[in-house]
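Here are my notes on this one, jotted down while going through the model. Have a look at it first, then read on.

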Amino acid sequence: MQNPRARRWFADWALTPAGWARDVLLEADARGTLLRVEPGAGARDAAGDVERLDGVVVPGLPNVHSHAFQFALAGRAERAGPDHGAPGGGDSFWTWREAMYGFLGDLDPDGIEAIATRLYRAMLARGYTAVGEFHYVHHAPDGRRYADPAETSRRLLRAAETAGIGITLLPVYYEDGGFGGTAPGERQRRFLHDPDGFAGLLEALAPEFRDRPDRRLGIAPHSLRAARPERLRAAVAALDRLDPTAPLHIHVAEQPKEVADCLAWCGRRPVELLFDTVPVDARWCLVHATHLSESERQAIARSGAVAGLCLTTEANLGDGLFPAAAYLAEGGAIGIGSDSHVSVDPAEELRWLENGQRLFSGRRTVLADGPGASVGVGLLQRVCRGGAGALGRPIGALEPGRRADFVVLQDTAGFGDDPTELVDRWIFAPAGVRIAATVVSGRAVSPA
């Protein structure tokens, strides 16, 4: 007997964990969880209340790293500074950071919610169906606490609900201005917590996540610059009291200066320090992790942690190139994020991921899984799998028990709908491919 409240779709092609399947019937319950993913369905199964999906169906992509407010900053920091061309001068991540701090000066909760709503709708239009929001703008511009300490966090949850995207909210623990407990600067005062205040924030937020399969609460110690080891452990303990399986994210080893400063302070590199401070396992997402020693890279791969790669932002900020080929060969897990949102397109992130390795190595198809393997399909499956783990939600795959989050890709150039070729064209030559539909928790969402 069919569930009268279930939703059902029929796809000519769908990408399942076992690979491509033809004539697939998908069924989800009223709460948006997949009940059936049945290849080889017949005409009878495709009749009645079944929606026909016109195109190739792939899992919706998880976006593991977002700073929503930076969507309104994108494009505003592309003018050369006064030291441009001077010996040892020029713009960098650190000059961009000052511009970002300046942008935050007048941003209020209404603005945060409005920007995030527009951003999340743009993500849905391009194929992201879930977001990890690494949220550190907790307080008023002068550092004053809002009457509700969770004010800006609740605004982000409301933006996600309005847009229709799944969200893993990652409130940021931020206390220090540099390694070893350096005092924070004036322009960092919107971000700051002490351990008790941060624990209170998590407790205030926890009810927002009860019986909400579209949401997950985790935390994000901002970085080892901003959270000294004992404070990082305290933040993790505060989360563990609520949910010892919840996701943990951190910025690490994004810039050479960060590595040099960490070495100067404690004689260890950032990833070494992190592994010495807390047990790093599959709960963790190490965002950027660009500048690694060989032993650090291998330690991340062995741990099960996800490397959260934000290729378009890392290129925009001049961060450097993650050692993806070696890391993936060692079995490392990856996810992708749009970070500062200079691009809000998962296909572009995947294109940069592979093309960066091509430019570095002078070879093609660097990240393919083996002879004859599709680079695009392989990367898509990797980041869906890694992204699901990083966001701590049952997403990223078309199989029973996962959320009914998927995207329909459609050929618009008349080159045919071979599913592998269509995915590769979407990533590497996207002009003839469009996203015809995006479904989140079993519901079609409107484009931006």
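**Notes on the model**

1. Starting with D54: this residue is exposed, with a relative accessible area of 57%. (Exposed means over 50% relative accessible area, buried under 20% and partly exposed in between, with a 1.4 Å probe and protein chains only.) D54 lies in strand β4, residues 50-59; helices (H or I, at least four residues) and strands (E, at least two) are DSSP runs, numbered from the N terminus.

2. Before going further, the ground rules: this is a predicted model, where local features need pLDDT of at least 70, side-chain atom pairs count only at pLDDT 80 or more, and totals for chains, interfaces and linings use all residues. Residues are numbered from 1 along each chain as its sequence is written, and side-chain values use heavy atoms, with hydrogens and water left out.

3. A salt bridge is a side-chain nitrogen of Lys or Arg within 4 Å of a carboxyl oxygen of Asp or Glu.

4. R36 sits in strand β3 (residues 34-38) and is partly exposed, at 26% relative accessible area. Beyond its neighbours within four places in sequence, R36 is in contact (heavy atoms within 4.5 Å) with R8, L25, L26, E27 and P400. R36 and L398 are 362 residues apart in sequence, yet their C-alpha atoms are 9.1 Å apart.

5. E254 is one I'd look at: it is buried yet has no salt bridge, and R225, the nearest side chain of opposite charge, is 5.8 Å away. E254 is in the loop between β10 (248-252) and α6 (256-266). Leaving out neighbours within four places in sequence, its contacts are F93, H288, T290, H291, L317 and D319.

6. Y146 is also in a loop, this one between β6 (128-135) and α3 (151-163). Y146 counts as buried, with a relative accessible area of 15%. Among the residues it touches, not counting those up to four places away in sequence, are P109, H138, H139 and R190.

7. What does α8 pack against? In this helix (residues 294-303), E296, R297, A299, I300, A301 and S303 are buried, and the buried residues of α8 pack against α7 (270-277), β11 (284-288) and α10 (324-329). G304 follows α8, with a positive phi near 90 degrees.

Key. Lys and Arg count as positive and Asp and Glu as negative; His and the chain ends are not counted.
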